[in-house]
Amino acid sequence: MSAAIGLGVDATPLDAEATTCYICLQEGTAAKPLLTPCACKERPVHRECLARWQLHSSGKSEERQCRFCYQDLPDWQPTLLGSENEDEDAPKPLMAAVVFNNTVYKLPILPGPEGKAAFKRKVHELFGLNNRMFEVAFEVKLDQADKVSLHGLNAYEAATRCAALSARRASSAVRQENQQQQ
Ligand SMILES: [Zn+2]
Ligand SMILES: [Zn+2]
């Protein structure tokens, strides 16, 4: 029997400085530096990559806590949605794409608990669920080609915020076009 030639478990020493983001595996840059926002100092991450993961996990514990060390994470919203908080500009009601049985439906969504209750009623009405449990996935657009899908009704708040953001971006794009034409 030949001796196994050691590709030892220590081929990647644990104390080696990690220089890539544990989510996208890219290196940090001046514009997108790597951060260690929790106790996982060996797992650097881009702020945007982590925020996207948090958004994707919205309504679950991983939205607010590191899934490895359980420390609290910074809020994802300023990173993905910007700090501005004026929803007045947004045309109302906002529409969300709701995926049900592999079909996409556009439904109006409004923020807050009343909005969520109204949304639930609408879904029950539309799909004839009679208050049975249902699975819902929201598809939100962060950018033209940047979609994140959120699962479960607990993600409702996050979905309304993202919808408000894309509506704001769309309306400011129209404003800019109008200004250029003048
Ligand atoms: Zn990354
Ligand atoms: Zn951690």
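Visitor: So two strands pair if DSSP finds at least two bridges between them. How many bridges join β3 to β4 here?

Guide: Seven bridges join β3 to β4, the strand of residues 103-109, and the two run antiparallel. Keep in mind that this is a predicted model.

Visitor: Thanks! What do β3 and β4 form together?

Guide: They make a hairpin, with two residues between the strands. N101 sits in the turn and has a positive phi of about 45°.

Visitor: Which residue of β4 stands opposite V99?

Guide: That's V104.

Visitor: Let's zoom out. How many helices and strands does the protein have?

Guide: There are four helices and six strands.

Visitor: Tell me about the largest nonpolar core. Which residues touch the most other members?

Guide: The core has 26 residues, and A96, F138, A159 and A163 touch the most other members. The elements giving two or more residues to this core are α1 (47-56), α2 (77-81), β3, β5 (137-143) and α4 (156-181). Helix α4 gives the most, with seven residues.

Visitor: You mentioned F138. What does it touch?

Guide: Leaving out residues up to four places away in sequence, F138 touches A96, V98, S149, L150, A155 and A159.

Visitor: Which residues does F100 touch?

Guide: Y105, F127 and V136, again not counting residues up to four places away in sequence. Take A137 as well: F100 and A137 are 37 residues apart in sequence, and their C-alpha atoms are 7.3 Å apart in space.

Visitor: New topic, helix α3. What span should it have?

Guide: Helix α3 covers residues 112-127, so at 1.5 Å a residue its 16 residues should span 22 Å. Its end C-alpha atoms are 22 Å apart, which agrees.

Visitor: What follows α3?

Guide: G128 does, and its phi is positive, near 60°.

Notes: Residues numbered from 1 in each chain as written. Chains lettered and ligands numbered in written order. Predicted model: local features only at pLDDT ≥ 70, side-chain atom pairs only at ≥ 80, totals over all residues. Expected span 1.5 Å × (residues − 1). Contact = placed C-beta atoms within 7 Å. Core = buried A, V, L, I, M, F, W, Y, C linked by C-beta atoms within 7 Å. Buried ≥ 20, exposed ≤ 12 C-beta atoms within 10 Å, placed from the backbone.
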